[in-house]
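Welcome, and please have a look at the two chains below. The report that follows walks through them step by step.

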Amino acid sequence: MDVTTWTYLFVGLSFALYIGIAIWSRAGNTGDFYVAGGGVPKIANGMATAADWMSAASFISMAGMISVMGRDGAVYLMGWTGGYVLLALLLAPYLRRFGKFTVPDFIGDRYDSRTARLVAVVCAIFISFTYVAGQMRGVGVVFSRFLEVDVNTGVIIGMIIVLFYAVLGGMKGITYTQVAQYCVLIFAYLVPAIFISIMLTGNPIPQIGLVSDAAGESTGLVQKLDGLSEELGFKEYSSGHMPMINVFAITLALMAGTAGLPHVIVRFYTVKKVSDARKSAFWALLFIAILYTTAPAIAVFARTNLLNTVSEKSYAEMPTWFKKWETSGLVAWVDKNGDGKITYNGSGNAFERHPTKSKVEPVFVTNDKVNEKGFSGERVLLNEPTDNSNELYVDPDIIVLANPEIAQLPGWVIGLVAAGGLAAALSTAAGLLLVISTSIAHDLVKRTLNPSISDKAELLLARISAGVAVVIAGYFGINPPGFVAEVVAFAFGLAAASFFPAIVLGIFTKRVNRAGAIAGMVTGIVFTAAYIWYFTLAPAGMRGSPDNYLFGINPQGIGTVGMVLNFIVAITVSLFTKRPPKHIEELVDSVRFPRAALGQVDAGPSHH
Amino acid sequence: MSKLPSEQTKRDYWKANLRWLAILLGIWAFVSFGCGILFVDFLDQFKFPGTNLNLGFWFAQQGSIYCFVLLLVAYARVMNRLDRELLEGTGAEEGS
């Protein structure tokens, strides 16, 4: 069987499985719909959380970004796992005891303020939409690259699948589907890594392969890659190249930002007891860590293979993967010295940014949809070549997507990677859609606009909002704003600078009051948003230059400063204003102690 | 008839909770921001025992994540024990 047949087979089988699970586990009431009735076993819940947490970016892009950044890629590894620790220790157990469905619920009640709730709802919806649009795009990208369908068709297929099981099954359907998706994605991630680890180091475990010596040699694999990189004028792989303060700020912003992401917090409501929620958090991080410790190994393996495959080889002898990914624009070559060989080195970008694009990426010449070919058969570029000697453009996404082909693995492994990428994107998208529908049906309508709505009507409304949200997300997946990366940085920064301090202070102090919390959140959001806007989104004439970064911190890490400001302002304002009333102090106590210690029964999240 | 824990017991519980949080988050910060970022260049002078991989690099891309997982094991054990102690004699089950 060829690669395409394998891919259709795996993708088709996995989709049939997801739909089957959705039908088997559909939701009957709002409790099922929002939190799966609180009755999911803890290991299964851990797997579902892991699938929820790991997005299309974790699966498709992360290893590639690490392989470009070298040691500095640790910001993503530590940021996205360390954030989970913050969530599990500082937020989740307390929010669960509070016993409502959502973060805006907690912020609204703790600070006794509709304004605070509204700020939180708007942030939650904005963050979720940003994120979910990225997932839908990921679905489209996988479809287009593996199955050679149009990106837009891919997005629409993804929309229909998610719509089907999110709307029908709610949290219950999503949870059990995510368990299956975790199994698919982790299998798909590990299989190529294991094969390549054996080839390069002789050890089947990628995590051990990373620390091992190159097969048959007495130099470490990473040392060898360092040497290879330096020979070609790339920066040394195993040392840092970003200023330390930036690494620090980005890591902390990603940690606090992910801890504040609403779709994972709700996961702590789907098991029966707090003690189970804690154990489930451990299982979730263990399942996440399996992928996150494999990613740096894949980064090293794939980088080594890539440099060995392309450097100073003629275009004519490039393997088929090179031409296939050139067709989809993930690699591009411009033969500057006309020798027919690929020169790949660290002297800079091979070509300039095309005026129609927001970043450096290839724009090819096509005549009547026929790709124009150059002297060696390569696709001809519209981009202006640069003065340096580097001739090759490589999109970081290729590291995971093309990894099996670069390592010449069999066709079924490649099909598996496609199914895995889809599983990662769909599971995260579904979790986020649920947050959006909950935010609208529960926070906005039930808790703010029309408290007398019946459970049945609320369930219907939640389903309708999930449906509408899928369509909007799909629209942004098909027509992504030109600044996706900035918007995602925006989502993390905003979550770090808004939710995180408000929740932490709400649990660990009784003194911080309404005025303090609102002032803190507004300061954090305005500062972070303004900084990101000024340095990335502002019109070219007004845009700030990186020389003017505050303490040298780039927009990706600025959420850290926003968060610190939020803490300072919230505490200061609170100290100069009145203590919160008695019933708020009682509410804080109710999240600090087990329900039974207060003479209450923990019935899980309640229906208000 | 079960009786509820006294105010003093509850204060002690919360203090123990905060103490454990400080210890665990201290380790969290040490392995990630410490070993993975601030002291990474210093640690890179050494190799991960028995291999040729720089120790700082290992902490930044592998070690810190393993520590995070262990932290959550410790947290679940400690907190579930504290809950049980608090609820002793109330007749309630652990950890709700």
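In chain B, 55% of the contacts between residues at least 6 apart in sequence join residues at least 24 apart. Two residues count as in contact if their C-beta atoms, placed from the backbone, lie within 7 Å. In chain A, residues 24 or more positions apart account for 82% of the contacts with a separation of 6 or more.

Before going further, some reading notes. This is a predicted model, in which local features need pLDDT of at least 70 and side-chain atom pairs count only at pLDDT 80 or more, while totals for chains, interfaces and linings use all residues. Residues are numbered from 1 along each chain as its sequence is written, and chains are lettered from A and ligands numbered from 1 in the order in which they are written.

**The two chains**

Chain B has three helices and zero strands, and from the N terminus its elements run α-α-α. Chain A has 23 helices and four strands. Helices (H or I, at least four residues) and strands (E, at least two) are DSSP runs, numbered from the N terminus.

The overall dimensions of each chain can be set side by side. The radius of gyration is taken over C-alpha atoms, and the globule rule is 2.2 Å times the number of residues to the power 0.38. A residue is buried if 20 or more other C-beta atoms lie within 10 Å of its own, exposed if 12 or fewer, and partly exposed in between, with C-beta atoms placed from the backbone.

| Chain | Box of C-alpha atoms along the principal axes | Buried residues |
|---|---|---|
| Chain A | roughly 80 × 55 × 55 Å | 58% of 608 residues |
| Chain B | roughly 65 × 20 × 15 Å | 41% of 96 residues |

How does chain B compare with a compact globule of 96 residues? Such a globule would have a radius of gyration near 12 Å, but chain B has 19 Å. As for chain A, with its 23 helices and four strands, its radius of gyration is 25 Å, close to the 25 Å that the globule rule gives for 608 residues, so chain A is as compact as a globular protein of that length.

**Where the chains meet**

The contact between the chains takes 45 residues from chain A and 43 residues from chain B. On the side of chain A that touches chain B, the elements giving two or more residues are α5 (74-98), α9 (206-211), α10 (221-231), α11 (244-259) and α13 (274-310). The largest share, 12 residues, comes from α13(A). By class, this side of chain A has 24 nonpolar, 13 polar and eight charged residues. Here Ala, Val, Leu, Ile, Met, Phe, Trp, Tyr, Cys and Pro count as nonpolar, Asp, Glu, Lys and Arg as charged, and the others, Gly among them, as polar.

One helix pair spans the two chains: α5(A) and helix α1 (residues 7-38) of chain B pack at an angle of about 175 degrees, with their axes 11 Å apart. Axes are lines fitted to C-alpha atoms, for helices over the stretch in contact, and angles run from 0 to 180 degrees between N-to-C directions. The two helices, α5(A) and α1(B), are therefore roughly antiparallel to each other; that term applies to angles over 145 degrees. From α5(A), Ala74(A), Met78(A), Gly82(A), Val85(A) and Leu89(A) meet residues of α1(B), including Leu21(B), Trp28(B) and Gly36(B). The residues of this contact divide into eight nonpolar, three polar and no charged.

**Inside chain A**

Another pair lies within chain A. Helix α8 (residues 151-201) and helix α18 (residues 455-478) of chain A pack at about 165 degrees, with their axes 10 Å apart, and are therefore roughly antiparallel to each other. Among the residues of α8(A) that meet α18(A) are Asn152(A), Met159(A) and Val167(A), while the α18(A) side includes Arg463(A), Gly467(A) and Ile478(A). The contact of α8(A) with α18(A) divides into 10 nonpolar, four polar and one charged residue.

Which residues of α6(A) are buried? They are Val103(A), Pro104(A), Asp105(A), Phe106(A), Ile107(A), Gly108(A) and Arg110(A). With seven of its eight residues buried, helix α6 (residues 103-110) of chain A is largely enclosed by the rest of the structure. Just after α6(A), Asp112(A) takes a positive phi of about 50 degrees.

**Two loop residues**

Gln408(A) has a phi near 55 degrees, a positive value in a residue other than glycine. Gln408(A) sits in the loop between α16 (403-406) and α17 (411-449) of chain A and is partly exposed, with 13 other C-beta atoms within 10 Å. Phe551(A), with a positive phi near 50 degrees, lies in the loop between α21 (514-537) and α22 (558-575) of chain A. Phe551(A) is exposed, with 11 other C-beta atoms within 10 Å.

Methods. Angles under 35 degrees count as roughly parallel, over 145 as roughly antiparallel, 65 to 115 as roughly perpendicular and the rest as oblique.
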